[in-house]
Amino acid sequence: ARVTGSVFLSDGFHATGEVSLSGAEIGGQLACSGGRFENGEGNALNGQRMRVTEGLLLRNVREVEGRVDLSSARVGDLVDDLASWPVRDADGVERLFLDGFVYERIAASLTDAKQRIEWLSRGNGRKGVFCPQPYEQLGRVLGEMGHAEDRRLVLMARERLQRQADREAVPGYLLFRVPRRVFMQAGDLFLRLVVGYGYKPWRSFYAAAGLIGVGWVVAHMAWVEGSFAPNSDVIVDSAGWQVLARDGAVKNPAEVWSAGPKSDTGQGQGMDYEAFHALAYAVDVVVPLVVLGQEAAWAPSKDRGDWGWHLWYLRWLLTIAGWVVTGFGAAAVTGLIRRD
């Protein structure tokens, strides 16, 4: 059908069979607001490949019983509300098809990412196969309209669902498929939490701050416990340090050695040595390419107490995690992770 004006299926309109506009060309707008569309298990509104120059109005629809198919349709403006779109059946069967649906802009009243993601979840697949195009389309339009944060949330949702679909489609025998899925899910969780799939790179700073916080607390407890020693063979072998560290006579030899007046007992011999600071030590361990001098000056001992034992092994994990978080954060900032 070719209509040079508008098509009104709005207030007072009631169909008890399929309304088919498949392949139709409408020069004006398609107004369905306030209408009723009923066709049981069939298509209530079939708009596959239709072209609407001005826009699609789908607000305050009184009833939609059946499927709405807008596959590969093109419209100008999209003016709608969430309640006018059909939802999935109780058993999860799709009743809305949006794959290939293209629109130029959205009415400003419904640009909220949360509601739009809910809308897409109703029509993002066909026969259980995930279709990413509706998310790409929505993200593009929201970006062009200036809704940058909503765009990021929509594209993050697309990335999460695409990765979930990829995991479920992993081929092979169960013995090999399950470990691969677990590995993929762990990687997916890491990318989502640390950099938001590249759309929220600043999350990497929060992750690094969390690692530093853990290192700070454990380093402080290890220092109070007396599980630190100067990281210098010359100092550790000196007579003054040996006096303090011998037989556990002093609870915290590093603190006594680095503070107070000089004496024959070794107290205060390191008062000009690099002063220990737990936060600076944690930053030194976690953040690569940042050298504050703490690791070079101080080393934990795993044999003096429980906190020192924990820190001895934890610093390896913190260093590795710091490299990984920093690397992914840099990749997200430069756009290497995003697949725009």
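Helix α5 (residues 203–225) and helix α11 (residues 306–333) pack together in this predicted model with their axes 10 Å apart, at an angle of about 165 degrees. That makes α5 roughly antiparallel to α11, since angles over 145 degrees count as such. The crossing of these two helices, α5 and α11, is left-handed.

Which residues of α5 and α11 meet? From α5 come Ser-204, Ala-207, Ala-208, Leu-211, Val-214, Gly-215, Val-218, Ala-219, Met-221, Ala-222 and Glu-225. On the α11 side they meet Asp-306, Trp-307, Gly-308, Leu-311, Leu-314, Leu-318, Ala-321, Gly-322, Val-325 and Gly-329. By class, the residues of the contact of α5 with α11 divide into 14 nonpolar, five polar and two charged.

A second pair of helices can be read in the same way. Helix α2 (residues 133–144) and helix α3 (residues 148–168) have axes that come within 8 Å and cross at roughly 165 degrees. The two, α2 and α3, are therefore roughly antiparallel to each other, and α2 passes α3 in a left-handed crossing. In this contact, Tyr-135, Glu-136, Leu-138, Gly-139, Leu-142 and Gly-143 of α2 meet Asp-150, Arg-151, Val-154, Leu-155, Ala-157, Arg-158 and Leu-161 of α3. The contact of α2 with α3 has seven nonpolar, two polar and four charged residues.

Arg-49 is a residue other than glycine with a positive phi, near 60 degrees. To find Arg-49, look in the loop between β7 (36–46) and β8 (51–58). Tyr-197 is not a glycine either, although it has a positive phi of about 60 degrees. Its place is in the loop between α4 (174–195) and α5.

Is Tyr-197 buried or exposed? Tyr-197 counts as buried because its relative accessibility is 1%, and the cut-off for buried is under 20%. Arg-49, at 46%, counts as partly exposed. The table gathers these two residues with others whose accessibility is known.

| Residue | Relative accessibility | Class |
|---|---|---|
| Cys-32 | 0% | buried |
| Tyr-197 | 1% | buried |
| Cys-131 | 11% | buried |
| Leu-21 | 14% | buried |
| Gly-40 | 34% | partly exposed |
| Arg-49 | 46% | partly exposed |

How many disulfides does a search of the whole structure find? The search finds zero.

Leu-21 lies in the loop between β4 (19–20) and β5 (25–26). Leu-21 and Gly-47 are 26 residues apart in sequence, yet their C-alpha atoms are 4.9 Å apart in space. Leaving aside neighbours within four places in sequence, what is Leu-21 in contact with? The residues are Leu-9, Leu-30, Leu-45, Asn-46, Gly-47, Gln-48 and Met-50.

Gly-40 has its place in strand β7. A distance of 5.8 Å separates the C-alpha atoms of Gly-40 and Glu-65, which are 25 residues apart along the chain. Not counting residues up to four places away in sequence, Gly-40 touches Glu-65 and Gly-66.

Terms used. Residues numbered from 1 in each chain as written. Predicted model: local features only at pLDDT ≥ 70, side-chain atom pairs only at ≥ 80, totals over all residues. Heavy atoms only, no water. Disulfide = S-S within 2.5 Å. Buried < 20%, exposed > 50% of the residue type's maximum accessible area, 1.4 Å probe, protein only. Axes fitted to C-alpha atoms, helices over the stretch in contact; angles between N-to-C directions. Helix = DSSP H or I, 4+ residues; strand = E, 2+ residues; numbered from the N terminus. Parallel < 35°, antiparallel > 145°, perpendicular 65-115°, else oblique. Left-handed = near helix turned anticlockwise from the far one by under 90°. Contact = heavy atoms within 4.5 Å. Nonpolar A, V, L, I, M, F, W, Y, C, P; charged D, E, K, R; others polar.
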